[in-house]
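Dear colleague,

I am passing on the structure below, together with some notes on its charged side chains. Please read the notes with the coordinates open beside them.

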Amino acid sequence: ALRARSSRSKPAIPELIRNISLSGVELPHDVLLVVCSRLTASPLALAAAAAFASTSRAALAAVQPGIAAHERWRARIGTLCQHLAMAPARLRATRRIHPTPALRATDMASLARLLDCGAVPSLERLDLSGKSLGDEGVRPVLDALARGACPLLRALGLGHDELGDASCVALAAMAAHPARARLEALDLSQNALSGSGVAALAGALHARACPSLLQLQLDERLSEDRCRDLAEPLAPSAGLLLCVAHAHAPLLPEAFARGACANAAFADGTSALA
C-alpha cells in the first residue's frame with residue numbers, strides 16, 4: 001500500500017512519513033532497515049527519520065545509527081554553509097556557489113554529499129577557484145558531478161587550485177556524463193596540468209563530451225601543444241571564448257579560423273584582437 005501511494009502522489013519523503021504510524025505493527029528488521037536507510041540518505045532529512053522512529057520501538061532501534069550519523073553530518077554541513085556564506089534554507093534555490101576563502105579541502109566531502117543528494121538542484125555556477133584544494137580536495141565534487149549531480153550546471157571554476165593530472169582524469173569522467181551537456185564554461189588556469197591528464201580530458205572532448213562548452217580558460221603553465229589538444233575539440237562557434245596566455249598567441253589564428261574570432265581573449269582579460 002505504501003508503494004502504491006508513493007507511486008500515485010510521489011510526495012516528499014518527510015511529508016509521506018509524517019502521515020504513517022507503525023504503532024503495533026510488526027515488520028521484519030531487514031524491512032525496517034531498508035526504509036530507514038532511505039530516510040537517512042539525505043543529511044537534511046533528519047526530521048523525517050525522527051518522526052518515523054517515534055512511531056515504533058523497532059523502527060527507533062533500526063534508525064538510531066542513521067540519526068547519529070545524521071547529527072555528525074549536519075554539524076559538518078553547518079560549517080560548510082558558513083564557508084559558503086549561505087543559510088541551509090537557501091541551498092535549494094541557489095544558482096551560484098562561490099565559497100569564502102575559509103573553504104577547506106576537508107569541506108569537499110560534505111559539499112559532494114549535498115550535490116549528490118539533490119540538495120542544490122538549481123545550481124548553475126560552481127566556482128571553487130583560488131582555494132588551493134588540490135587533487136584530493138576536488139575529487140569528491142568531481143565524482144559527484146560524474147554521477148550526474150547538478151544537471152543544470154553551466155560553469156565550473158577550478159583555477160588556481162593546485163590541480164594535476166589526477167583531476168584532469170576525473171574531469172574526463174565527469175565530462176562524459178550526459179548531465180554535463182549544459183556545461184558552457186570551464187576554468188583550468190594556473191594548475192599543474194600535463195601529459196596523461198590532458199590527454200584523457202582531450203579524448204573526452206573529442207568524443208563530444210560537454211558539447212555546449214564555449215569558454216575554456218588556460219594559461220602559460222600548460223604548454224602550447226597541450227592547450228591545442230584541449231582547444232581543438234571545441235565545436236566551432238562565434239561564442240567560443242578561448243582564454244590563453246600571451247605566450248600562446250599562435251593558437252589564436254587557429255581559433256579564429258574555427259569561428260572564435262569574435263570573442264577570443266587572453267587569460268588576463270585583454271582582447272586578442274587588440
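**Salt bridges in the predicted model**

The model is a predicted one, and with a cut-off of 4 Å between a side-chain nitrogen of Lys or Arg and a carboxyl oxygen of Asp or Glu, the count comes to six salt bridges.

In helix α7, which spans residues 134-146, D143 and R139 lie four residues apart, about one turn of the helix, and they form a salt bridge whose closest N and O atoms are 2.8 Å apart. D143 is partly exposed at 25% relative accessibility, and R139, with 38%, is likewise classed as partly exposed.

The salt bridge of R154 with E184 has its closest N and O atoms 3.3 Å apart. Because R154 lies in the loop between α7 and β3, and E184 in the loop between α8 and β4, this pair ties together parts that are 30 residues apart in sequence. R154 counts as partly exposed at 31% relative accessibility, as does E184 at 30%.

In helix α10 (residues 224-231), R226 and D229 are three residues apart and thus separated by about one helical turn; their salt bridge brings the closest N and O atoms to 3.4 Å. R226 has a relative accessible area of 29% and is partly exposed, while D229, at 27%, is also counted as partly exposed. Elsewhere, salt bridges that share partners join E124, R154 and E184 into one network.

Conventions:
Residues numbered from 1 in each chain as written. Predicted model: local features only at pLDDT ≥ 70, side-chain atom pairs only at ≥ 80, totals over all residues. Heavy atoms only, no water. Helix = DSSP H or I, 4+ residues; strand = E, 2+ residues; numbered from the N terminus. Buried < 20%, exposed > 50% of the residue type's maximum accessible area, 1.4 Å probe, protein only.
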